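Please look over the chain shown below before reading on.

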Amino acid sequence: MSEPEMVLLDRRGPIATIVLNRPQRRNAFSVAMWQACTTLVRDLDADESVRVIVVRGAGDQAFASGADIHEFDTQRSNPEQGAKYIKIVGAALDAVARATKPVLAMIAGYCVGGGCELACACDLRIAADNARFSIPAARLSVHIGLDEVRHLVGLVGIGRAK
């Protein structure tokens, strides 16, 4: 039995919803998911029939719980892999931030690490009562990019970002 599609597209008229579809892993991002998001956002932004792009997580436990740490050994275990990974994530975040159409994050449950970075890149964030935000990068011995830190500080201020 194959794994279900990890990123889904739900189109309803002019609203296109990207669904991060790994609820069993709290929608943790695999490399393939970052790449799929880049392609989807760029395609939807170019589609004249789309007026708004929404991003949400499948299930009710998480918007996205960050990077899939199970991939760290194969995707981030040396400087070359780390640099490649950063470029892949950066391309997705850049596609969201540069989209000419509004991109909304519908956040329910955990919004952690890369999920928080994705939410910060969106134009608008709508958080449910159960939304929980965190960037535990230092505890995982990884760092987030300077642009992502700037987005966060710009949104919540330096005190809250610290």
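R26 is found in the loop between β2 and α1, where helices (H or I, at least four residues) and strands (E, at least two) are DSSP runs numbered from the N terminus. The model is a predicted one, in which local features need pLDDT of at least 70 and side-chain atom pairs count only at pLDDT 80 or more, while totals for chains, interfaces and linings use all residues. Residues are numbered from 1 along each chain as its sequence is written, and side-chain values use heavy atoms, with hydrogens and water left out.

Although R26 is not a glycine, it has a positive phi of about 55°, and with a relative accessible area of 37% R26 is partly exposed. Is N27 buried or exposed? At 0% relative accessibility, N27 counts as buried.

On one side, β2 is joined to strand β1 (residues 7-12) by six bridges, and β1 and β2 run antiparallel; two strands are said to pair if DSSP finds at least two bridges between them. Within this pairing, D10 stands opposite T17 in β2. The hairpin of β1 and β2 has two residues between the strands, and in this hairpin G13 takes a positive phi near 60°.

Strand β2 is also joined by six bridges to strand β3 (residues 52-57), and β2 and β3 run parallel. Here V19 stands opposite R56 in β3. Between β2 and β3 the chain crosses through helix α1 (residues 31-46), and this β-α-β crossover is right-handed, which means that, with the strands pointing away from the viewer, the path from the first strand over the helix to the second runs clockwise. Beyond β3 comes strand β5 (residues 103-107), joined to β3 by four bridges in a parallel arrangement, and R56 stands opposite M106 in β5.

These pairings belong to an open sheet of five strands with the order β1-β2-β3-β5-β7 and mixed pairing. Because β1 and β7 (124-127) stand at the edges, each with a single partner strand, one side of each is left without a neighbour in the sheet. Neighbouring strands of this sheet are turned by 20° against each other on average, direction ignored; the axes behind such angles are lines fitted to C-alpha atoms, for helices over the stretch in contact, and angles run from 0 to 180 degrees between N-to-C directions.

There is also an open sheet of three strands, with the order β4-β6-β8 and parallel pairing. Its edge strands are β4 and β8 (132-134), each of which pairs on one side only, and the twist averages 15° from one strand to the next. Three bridges join strand β6 (residues 110-112) to β8, with F133 in β8 as the bridge partner of C111. Helix α4 lies across β4, β6 and β8 and runs at about 90° to β6.

What does the largest nonpolar core contain? It has 37 residues, and those with the most contacts inside it are I18, L20, F29, W34, F63 and L118; such a core is a set of buried Ala, Val, Leu, Ile, Met, Phe, Trp, Tyr and Cys residues joined through side-chain atoms within 4.5 Å. At least two residues of this core come from each of β2, α1, β3, β4 (62-64), α3 (79-98), β5 and α4 (114-121). Leaving aside its neighbours within four places in sequence, L20 is in contact (heavy atoms within 4.5 Å) with residues including N27, F29, R56, F63 and L118.

For the chain as a whole, there are six helices and eight strands, and buried residues make up 43% of its 162 residues. Among contacts between residues at least 6 apart in sequence, 64% join residues at least 24 apart.

Note on methods
Buried < 20%, exposed > 50% of the residue type's maximum accessible area, 1.4 Å probe, protein only.
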